[in-house]
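Trainee: Please take one part of this model, the contact between domains, and walk me through it closely. I would like the cut-offs spelled out as you go.

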Amino acid sequence: MLKLYFAPGACSFVPHVALEIIKAETGAGFEPSLVKLHKGEQSTPEYLALNPNAQVPVLLVDGKPLTQIVAICDYLDRSAPQAGLLPADPWARAQAMSMLAWMNNTVHPTFTHIFRPEQFTSGDEGIAEQKRFNTARFAQLLERIQGHIAGAHPWLFGDRITFPDIYAVVFWRWGGIAGVDPAALPAYQAYVEQLAALPAFAAAIERERIPLHMYRKA
Ligand SMILES: N[C@@H](CCC(=O)N[C@@H](CS)C(=O)NCC(=O)O)C(=O)O
């Protein structure tokens with residue numbers, strides 16, 4: 001039995017949608033478990049025993065915790081390859097893993113520097129500068145993702161949804177939170193809107209109760 005610890009709008013959306021896709025493809029269900037980050041539920045002794053990093057996601061597999069999105073995605077794909085969440089061809093699979101790793105180790109932490117600046121620096125000036133620098137960098141990274149979308153047929157790695165497609169939706173929302181104007185990203189917006197309308201995305205969005213578009217003009 002699989003149990004997913006997730007927080008609304010967080011990176012845990014990636015395994016959340018993936019589990020919905022697997023459910024639709026194989027009939028295998030999962031238990032979603034909400035972690036209220038704003039209430040510090042990630043730092044309780046019980047949760048730290050699952051993930052000492054005090055982060056979502058955690059995937060509980062027959063009672064055993066698995067952490068880190070890249071590892072969780074690899075496990076889900078190997079457990080349910082028929083869901084097509086990574087391509088079957090070894091080279092195409094490696095390319096999708098490469099993009100997933102880049103998203104997890106570069107794009108994601110850039111936003112963390114904006115959203116949780118106090119984890120990386122201190123003082124009002126330091127925090128303001130770090131936010132400014134990383135917001136500009138995050139906007140560039142979203143443009144790079146839009147570049148990948150330009151070559152999508154219809155999705156990033158062909159006709160099946162893969163993990164990078166789902167992560168791209170997370171970053172779209174985060175771009176809005178960071179104040180990145182979506183006017184520069186029309187192809188990205190259209191792609192995200194198409195994905196969000198698919199049943200697995202719609203189910204996760206409804207469970208997490210999150211709006212797709214977060215941008216508010218300053
Ligand atoms: N490298 C980790 C990153 C996980 C991560 O950054 N999770 C964030 C949410 S997107 C979190 O739980 N943050 C806890 C907090 O903000 O207190 C992974 O791949 O699982």
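Mentor: In this predicted model, the C-alpha centres of domain 1 and domain 2 lie 20 Å apart. The domain assignment of the chain gives domain 1 as 2-83 and domain 2 as 90-198, with bounds that come from an automatic or database domain assignment. Residues are numbered from 1 along each chain as its sequence is written. Because the model is predicted, local features need pLDDT of at least 70 and side-chain atom pairs count only at pLDDT 80 or more, while totals for chains, interfaces and linings use all residues.

The contact itself takes ten residues from domain 1 and eleven residues from domain 2, two residues being in contact if their C-beta atoms, placed from the backbone, lie within 7 Å. On the domain 1 side, the elements that give two or more residues are helix H1 (13-26) and helix H3 (69-79), where helices are DSSP runs of H or I with at least four residues, numbered from the N terminus. H1 gives the most to that side, with five residues. By class, the side of domain 1 that touches domain 2 has nine nonpolar, one polar and no charged residues; here Ala, Val, Leu, Ile, Met, Phe, Trp, Tyr, Cys and Pro count as nonpolar, Asp, Glu, Lys and Arg as charged, and the others, Gly among them, as polar.

Phe163 touches Val14, Ala18, Cys73, Leu85, Leu86, Ala96 and Leu100, not counting residues up to four places away in sequence.

The ligand also brings the domains together in one description, since its shell draws at least three residues from each of domain 1 and domain 2. That shell has 13 residues, with Ala10, Cys11, Gln55, Val56 and Ile69 the closest, a residue being near if its C-beta atom, placed from the backbone, lies within 6 Å of the molecule. By class, the shell has six nonpolar, six polar and one charged residues.
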